[in-house]
Amino acid sequence: MVMFWPIQQALNCITDDGRILGKIQFDAKTEQYLFCPEEDEVVLSSIEASQIENRLADLHSGNYLMPMQDDD
């Protein structure tokens, strides 16, 4: 299972055993949400990949909104 924890305009993707897989961030240049792995060689299980893909789809469709932080 992957949990999504909002932090500094991103969503940390964390496994149920506490392993950080990476972050979902918004790329303003392409206006898309992207998964950015914590390490170059992160290996995702099929369930983890599916859950991250579902969250990305929910963000793109507007079904889920990422909390944004304004430091100004």
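This report walks through a few features of the protein chain shown above, one topic at a time.

## A predicted model

Keep in mind as you read that this is a predicted model.

## One salt bridge

How many salt bridges does the structure hold? The count is 1 salt bridge. Its partners are Arg19 and Glu48, whose closest N and O atoms are 3.2 Å apart.

The salt bridge between Arg19 and Glu48 links distant parts of the chain, with the two residues 29 residues apart. You can find Arg19 in the loop between β2 (10–15) and β3 (20–27), while Glu48 sits in helix α1. Arg19 is partly exposed, with a relative accessible area of 39%, whereas Glu48 is buried, with a relative accessible area of 9%.

## A negative patch on the surface

Now look for the residues Glu38, Glu39, Asp40 and Glu41. They gather on the surface in a patch of negative charge.

Take Glu41 as an example from this patch. Glu41 belongs to the loop between β4 (32–37) and α1 (46–61). Is Glu41 buried or exposed? Glu41 counts as exposed because its relative accessibility is 72%, and exposed means over 50%.

For Cys13, the nearest cysteine sulfur is that of Cys36, 9.3 Å away, and Cys13 is in no disulfide. Cys36 is likewise in no disulfide, its nearest cysteine sulfur being that of Cys13. The reasoning is simple: a disulfide is a pair of cysteine sulfur atoms within 2.5 Å, and the sulfur atoms of Cys13 and Cys36 are 9.3 Å apart.

Cys13 counts as buried, at 0% relative accessibility. Cys36 is partly exposed, with a relative accessible area of 29%.

Glu31 is not a glycine, although it has a positive phi of about 55 degrees. At 62% relative accessibility, Glu31 counts as exposed.

## Strands, and distances in space

Which strand holds Asn12? Asn12 is placed in strand β2, and Gly22 lies in strand β3. These two are 10 residues apart in sequence, and their C-alpha atoms are 6.0 Å apart in space. Asn12 is buried, with a relative accessible area of 11%. Gly22 is buried as well, with a relative accessible area of 0%.

Gly22 and Ala57 are 35 residues apart along the chain, and 17 Å separates their C-alpha atoms. Leu34, in strand β4, is 19 residues from Glu53 along the chain, and the C-alpha atoms of this pair are separated by 9.7 Å. Leu34 counts as partly exposed, at 34% relative accessibility.

Methods. Residues numbered from 1 in each chain as written. Predicted model: local features only at pLDDT ≥ 70, side-chain atom pairs only at ≥ 80, totals over all residues. Heavy atoms only, no water. Patch = residues over 30% accessible without salt bridge, like charges linked within 9 Å, V, L, I, M, F, W, Y side chains within 5 Å. Areas by Shrake-Rupley, 256 points an atom, 1.4 Å probe, with all protein chains shown as cover. Salt bridge = Lys/Arg side-chain N within 4 Å of Asp/Glu carboxyl O. Lys, Arg positive; Asp, Glu negative; His and termini not counted. Charge placed at Lys NZ, Arg CZ, Asp CG, Glu CD. Helix = DSSP H or I, 4+ residues; strand = E, 2+ residues; numbered from the N terminus. Buried < 20%, exposed > 50% of the residue type's maximum accessible area, 1.4 Å probe, protein only.
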